[in-house]
Amino acid sequence: MKTEQLIDLLSTNLEPVNTHKVVRSLWIATVAGLVLASLTCIVTLGMRPDLNNPGVLRFLFVKVGFAAVVSILGWRLLLKHTRPGGENHSQIFLAGLPFVALLALAAVNLILVPASDWSHLVMGERLLQCLLSIPIMAVMPFAVIVWAVRNAAPTNLLRTGALAGLVAGGIGAMAYALHCPNDSLPFVAFWYGGTIVLCTLAGAAFGPRLLRW
Amino acid sequence: MKTENAKEASLRTLMIAGLGGDGAAYRALLSELSGHLRAYYRGRLVRAGRGMEETEDLVQEALMAVHTRRHTYDPTQLLTPWVYAIARYKLIDHLRQNQSTVTNVPIEDASEIIAADSAQAMESNLDLNKLLAKLPDKVRLAIQYVKIEGLSVVEAAARCGISESATKMNVHRGLKQLSSVISQEKAK
């Protein structure tokens, strides 16, 4: 085939395109992922029963807030990475800031209490449930986000996959927070942070295969 | 640098017109890009120890990618880095598929993509009719009527006995499928 021939084909009866589609579909996918993950948590584990207690409710906002900040920062970076060459002017280290900030707060929290309380603050109760639930609840958001990103054109698949995993992990953590019985900063910093990092690594591992175009 | 800036400005104007549906501007854009892509790929393939005969296949694959992904261009940004990123991505993909030992393509200045131009087009190893034959009937017909024979969407829809929006959808899907068929075909 001559290149001329291909150019003829591509430019004949050209349809206009909407350049806002990339942002819109990533946005829709993310909201859909959040709804799906939250419903999964509410249906399978149930909302935490004592949310009418103001202290418990306040800490729910801390947990959801941390996960939301992680997701929003990650989302903005992810959006950049969905366009060809977008990785060249993005400050990817920004995604790590909420983790570092929360770890610092957790350290302060641990310093201020006697060492005998540490194990309860860090390990909490039903740790295993948290470690499993966040990644599981991140699966559906990850799938819909990957679907949206596949319709765009990322050129750094490893990083884009990692960011998709990060956002999905953040959404999974927001959903699990609705049920989570632990109200301690060190718990959230280690285990919410840790599972979201795990989701990020999984995203990086799957990215090159899932996102290729 | 001045000529590159002028080039960027003129290509970008064509691209934005093309995104709005201006076929003539879009044709001019693709013609110019094909010259730049050809010069770029020729140099890089030689550097990676590959044959020059792969150039035209890659040029066509990249043009196809520019077309099917044109909605990912942000009109508020420069066009050259966007084209460069696509060209480099397709080059790396090509080298990997062909088990080339050199898959580490350094990131150069994006203006490299418009630095040189080559009009010496060869025929690629891709056969359009064979590629189209791999597509499902309804999308193949939509492409045949609308993109090759140049019938209007209304006429093509009447011939296929489907709605105009379904015809547009088939053309859109067909080009995406054609793009991936080209990538697969090259890998053989």
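**Figure 1. Order of secondary structure elements in chain A.** Read along its sequence, chain A of this predicted model follows the pattern α-α-α-α-α-α-α-α. The secondary structure comes to eight helices and zero strands; helices (H or I, at least four residues) and strands (E, at least two) are DSSP runs, numbered from the N terminus. The C-alpha trace of chain A spans about 75 × 35 × 25 Å along its principal axes. Residues are numbered from 1 along each chain as its sequence is written, and chains are lettered from A and ligands numbered from 1 in the order in which they are written. Because the model is predicted, local features need pLDDT of at least 70 and side-chain atom pairs count only at pLDDT 80 or more, while totals for chains, interfaces and linings use all residues.

**Figure 2. Burial and contacts in chain A.** Chain A has 213 residues, of which 46% count as buried. A residue is buried if 20 or more other C-beta atoms lie within 10 Å of its own, exposed if 12 or fewer, and partly exposed in between, with C-beta atoms placed from the backbone. Among contacts between residues at least 6 apart in sequence, 88% join residues at least 24 apart; two residues are in contact if their C-beta atoms, placed from the backbone, lie within 7 Å.

**Figure 3. Surroundings of A:Trp191.** A:Trp191 lies in helix H8 (residues 185–210) of chain A. A:Trp191 is buried because 21 other C-beta atoms lie within 10 Å. Not counting residues up to four places away in sequence, A:Trp191 touches A:Leu127, A:Cys130 and A:Leu131. A:Val69 is 122 residues from A:Trp191 in sequence and 16 Å away in space, C-alpha to C-alpha.

**Figure 4. The two domains of chain B.** Chain B is divided into domain 1 (1–125) and domain 2 (126–188), with bounds from an automatic or database domain assignment. Taken over C-alpha atoms, the domain centres are separated by 24 Å. Eleven residues of domain 1 are in contact with nine residues of domain 2. On the side of domain 1 that touches domain 2, H3(B) gives the most, with seven residues. That side has two nonpolar, seven polar and two charged residues; Ala, Val, Leu, Ile, Met, Phe, Trp, Tyr, Cys and Pro count as nonpolar, Asp, Glu, Lys and Arg as charged, and the others, Gly among them, as polar.

**Figure 5. Contacts between chain B and chain A.** In chain B, 40 residues are in contact with 27 residues of chain A. Among the elements of chain B that give two or more residues to this side are helix H1 (2–19), helix H2 (23–47) and helix H6 (137–148). The side of chain B that touches chain A has 19 nonpolar, twelve polar and nine charged residues.
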